[in-house]
Amino acid sequence: MMHSGVLNTNQIMRQVIYALALGIIASYYFFGWGIVFQIVLGVATAIVVESAFLRIRKLPIKPAISDGSAVLSAILLAISIPSIAPWWIVVVGVSFAIVFGKQLYGGLGNNPFNPAMLGYAFLLISYPLQMTTWASEFLSFSQGFDVFFNLSSIDGLSGATRLDDVKTQLSLGYLVHELQIYSISQSLISIGFLLGGLYLITRGIIFWHIPVAFMLGILTTSILLFISDSQFYVPPQFHLISGGTMLGAFFIATDPVSASTTPKGRLVYGFLIGVLIVVIRVFGGYPDSVAFAVLLMNMTVPLIDTYTQPKVFGR
């Protein structure tokens, strides 16, 4: 999310939230009401925690809450975690994101890391079971409510993601069969976020450099691995539709505060995130890796921007 000369912060955040709608609707269509509960409680938590922290800092509450940044961070985190995760997961994650990812650095504009991804990484490291168990079918309102508030067992409604299957080195034949089913839901969800991202580019909310370089990084790395051993590594298209690839490319890596700001720097930043995503997925200890790749590259932004500054006109 970079800039638009005629929009203020609140308007930009609202445009980004609108752009998320298609992907969220597709997620709801396949997985049900859990995602709605996650978003509602996540947004409520963000508002309460940010208000409380601002009060402690004796700063005005209304301007910070009304800019929409806390709400957007909460939505991004809520749609990144499993829809059947218990209610306290989103509360803990959003609270961590707002306090440690944003407010402790001085608020919006001062944070070196993407708050939503910092919260996600914290949850994944701290609660790996809850963060890697996903819905395997559509949950009705009552089913989603019962699971969300730990009123019933989730054993018959959950399973591992196909990324987990890759990590456990299941046979390629099994994966191909599973991909035929998995790719339908993931492809439509990814298309939803892709269309939302293209909308943001046409509105001038984000630049094209990071999403394009992001996907080129994923494609380049995954193609090289697949060529080296097609019986062991999954096809490149699997990496494009799996996990949070499209969400990461258009809505997370493009965060205006924590991303690179120079034209060349955005290309380097996005490409290296894509490379890291595939490397961590294939060789790392976690099935998905968008959050870790983004956070690692957030740390390199000052260096990238320093060495990719455009030449001063006339020199």
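Which residue lies over the face of Phe-207? Arg-266 does, at 3.9 Å from the ring centre. The rule for a charge over a ring: NZ of Lys or CZ of Arg within 6 Å of the ring centre and within 35 degrees of the ring normal.

Ground rules next. This is a predicted model, so local features need pLDDT of at least 70 and side-chain atom pairs pLDDT 80 or more, while totals for chains, interfaces and linings use all residues. Residues are numbered from 1 along each chain as its sequence is written, and side-chain values use heavy atoms, without hydrogens and water.

Now the aromatics. Rings of Phe, Tyr and Trp (its six-membered ring) pair if their centres lie within 6.5 Å; planes under 30 degrees apart are stacked, over 60 edge-to-face, the rest tilted. The whole structure has 18 aromatic pairs. Tyr-29 and Phe-30 have ring centres 5.1 Å apart and planes at 90 degrees, so they are edge-to-face. Phe-30 and Phe-31 sit with centres 6.5 Å apart and planes at 50 degrees, so that pair is tilted. One aromatic cluster includes Tyr-28, Trp-33 and Phe-37.

Accessibility: buried is under 20% relative accessible area, exposed over 50%, partly exposed in between (1.4 Å probe, protein chains only). Tyr-29 is exposed at 60%. Phe-31 is partly exposed at 21%.

Last, Gly-196. At 4% relative accessibility, Gly-196 is buried. Beyond its neighbours within four places in sequence, Gly-196 is in contact (heavy atoms within 4.5 Å) with Ala-19 and Phe-251. Ile-17 is 179 residues from Gly-196 in sequence, yet 9.3 Å away in space, C-alpha to C-alpha.
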